Amino acid sequence: MDFTVALAQIKPKLGCVADNLLLIQEAVERGIREQAGLVLFPELALTGYFLKDLVPEVALTLDSPEIRRLADLSRHIDIAVGFVEVSPDYHFYNAALYLAGGEILHHHRKVYLPTYGLFDEQRYLASGERFRAFDCRFGRMGILICEDMWHLSAPYILAMDGATTLLCLSSSPGRGISEAESLGSTVSWQKLTSATAMFLNSRVLYCNRVGYEDGVNFWGGSEIIDPSGTVTARGAILEEDFVVAGISEELLRRERISSPMMRDENLFVTLKELKRIGKERNR
Amino acid sequence: MSMLKVNTELLRKILVGFVREEILKVGLKKAVLGLSGGIDSALVAYIAAEALGPENVHAIIMPYQTSNPESEAHARLVGERLGINCQVVEITPMVDAYFNLFPDASPLRRGNKMARERMTVLFDHSALLSALVLGTSNKTELLLGYGTLHGDMASALNPIGDIYKSQVWQLSEAMGVPMEIVEKKPSADLWAGQTDEQELGFTYREVDELLYRMVDLRMSRGELAAHGFATGFIDEIYAKVQNSHFKRRLPIIAKVSNRTIDRDFRYSRDWGK
């Protein structure tokens, strides 16, 4: 069905869950006022990004009052939000929830934790172990957290699992200044979100944060990409923004008719070959 | 072919945003910096004035008796153009009082002492004005170690520490730093007629092209040589970067506990901000 999405391009405070919860609540209320059906937040919106040893201090259980509060708000608008989750066995995850109708409808733990260059996630966090699509009132969706999207298999699995809308929650640091119009990281992401949408005949809703942490900027530029790979709305670069745009069911239907690559995608060939590769690697 | 050209509009936005946000988030609104009359501190003053408003930028000109009078004139020019607060604090009495005790001190010791004297003036004004000290060392100087540890290398925030001298020139021109400052030969102004490039033995433009390929692109020695850099020059610069690395790190701490600062006690500086 048609729906309206809001991308809350916010600037979380590092390690301040209470402040960030207020920031998120304000954006949720704005989304409700602007009649959006879904409001999307960045990766680690409740905590900030370069947490390091703060991870255990800011981590929340799924039944924490903060998550409960956001779930309550989801009676009025669907919410996708990133935070640090602590499991009962005290593993800490870079996680995201899809909240709707007062409940947790879907729960994703980031699988691919970047640990190179300026990233250090695997030192502090445990990796998720699944990509699963889920049904919500707007159709079938899948959640990716930032680096997840850089692994072709991740959006591919979600699309094969029936997702036609991919939500990507991101905290992408801006880097790579050159003569070009945009930063290197911006250019790469814009290629990636567009190519992913086009390959998988799926919409991509990408929400990236802004602000600075220890001199590192987050570049924003949240965007909505239609299933042909065309960007239909984009947030400001390096500034807070609140992008509200309509998502068309008809557009998805037409794109799936004109470019039926996902229909023709051969799961069994892929599975057979991956199994063979797995076997050969184990030799 | 230069690989150092930058989109100055975008770079300006990032650096101005950096100064504004990193100062506001700690609950302050002002910055203090030393204006030498050279291009690096002029550029930082332009960035700070745009980020915070000229009324919130406090520049201090700190000449020593042997400083070139043109330096002070250029520093004043920047102050006037921007309409920032500008004051002169002579460091001659403090520096001379010290070296009266050590009359045989080398030029190196004297230069370092002057840089550190200026640092203490800036940090004293940081407390006086509730202002953060802005650093003015560029990436070229930081990588080569061409600066005084705890002197001009000391600051609370450095907006230009990740851009090479060649990029400082581009951004300065784009932001309207007076051309007489952009075009003059860079100098530490420790003695009459000194220029950086004479002292270093190569030009900033040459070394920036090498450093960018060596550090940012991680080209191998063989690849650098294939790009036309003399192997002697590559080795000289590699050694400078390596041997000055201590200047870019905090003091090392002897580990005895289970959580040692910066080793297994790790937090961002913006913790809670």
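Biologist: In this predicted model, which residues of the largest nonpolar core touch the most other members?

Modeller: The largest nonpolar core of this predicted model holds 74 residues. Strand β4 of chain A, which covers residues 92-100, gives the most to this core, with seven residues. The members that touch the most others are L40(A), A80(A) and V81(A).

Biologist: Which residues is L40(A) in contact with, once its neighbours within four places in sequence are left aside?

Modeller: With those neighbours within four places left aside, the contacts of L40(A) include V5(A), L7(A) and A8(A), and also A80(A), which is itself one of the core members that touch the most others.

Biologist: Is I10(A) buried or exposed?

Modeller: I10(A) is found in the loop of chain A between β1 (3-9) and α1 (17-33). Leaving out residues up to four places away in sequence, I10(A) touches L23(A), A27(A), F41(A), P42(A), A45(A), R209(A) and E240(A). A residue counts as buried when 20 or more other C-beta atoms lie within 10 Å of its own. Because I10(A) has 23 C-beta neighbours inside 10 Å, it counts as buried.

Biologist: What separates the C-alpha atoms of I10(A) and A45(A)?

Modeller: A45(A) is one of the residues that I10(A) touches, although the two are 35 residues apart along the chain. The separation of their C-alpha atoms is 7.8 Å.

Biologist: What is the radius of gyration of chain B?

Modeller: Chain B has 12 helices and four strands. For its 273 residues the globule rule gives 19 Å, and the chain's own value is close to this, so chain B is as compact as a globular protein of that length. The radius of gyration of chain B is 19 Å.

Biologist: How are α1(B) and α2(B) oriented to each other?

Modeller: The axes of α1(B) (residues 8-24) and α2(B) (residues 39-52) come within 8 Å and cross at roughly 60°, and the crossing is right-handed. The residues making the contact include L15(B) and V19(B) of α1(B), and I47(B) and A51(B) of α2(B). Given the crossing at roughly 60°, the two helices are therefore oblique.

How values were computed
Residues are numbered from 1 along each chain as its sequence is written. Chains are lettered from A and ligands numbered from 1 in the order in which they are written. This is a predicted model: local features need pLDDT of at least 70, side-chain atom pairs count only at pLDDT 80 or more; totals for chains, interfaces and linings use all residues. A nonpolar core is a set of buried Ala, Val, Leu, Ile, Met, Phe, Trp, Tyr and Cys residues joined through C-beta atoms within 7 Å. A residue is buried if 20 or more other C-beta atoms lie within 10 Å of its own, exposed if 12 or fewer, and partly exposed in between; C-beta atoms are placed from the backbone. Two residues are in contact if their C-beta atoms, placed from the backbone, lie within 7 Å. The radius of gyration is taken over C-alpha atoms; the globule rule is 2.2 Å times the number of residues to the power 0.38. Axes are lines fitted to C-alpha atoms, for helices over the stretch in contact, and angles run from 0 to 180 degrees between N-to-C directions. Angles under 35 degrees count as roughly parallel, over 145 as roughly antiparallel, 65 to 115 as roughly perpendicular and the rest as oblique. A crossing is left-handed if the near helix is turned anticlockwise from the far one by less than a right angle, and right-handed if clockwise.
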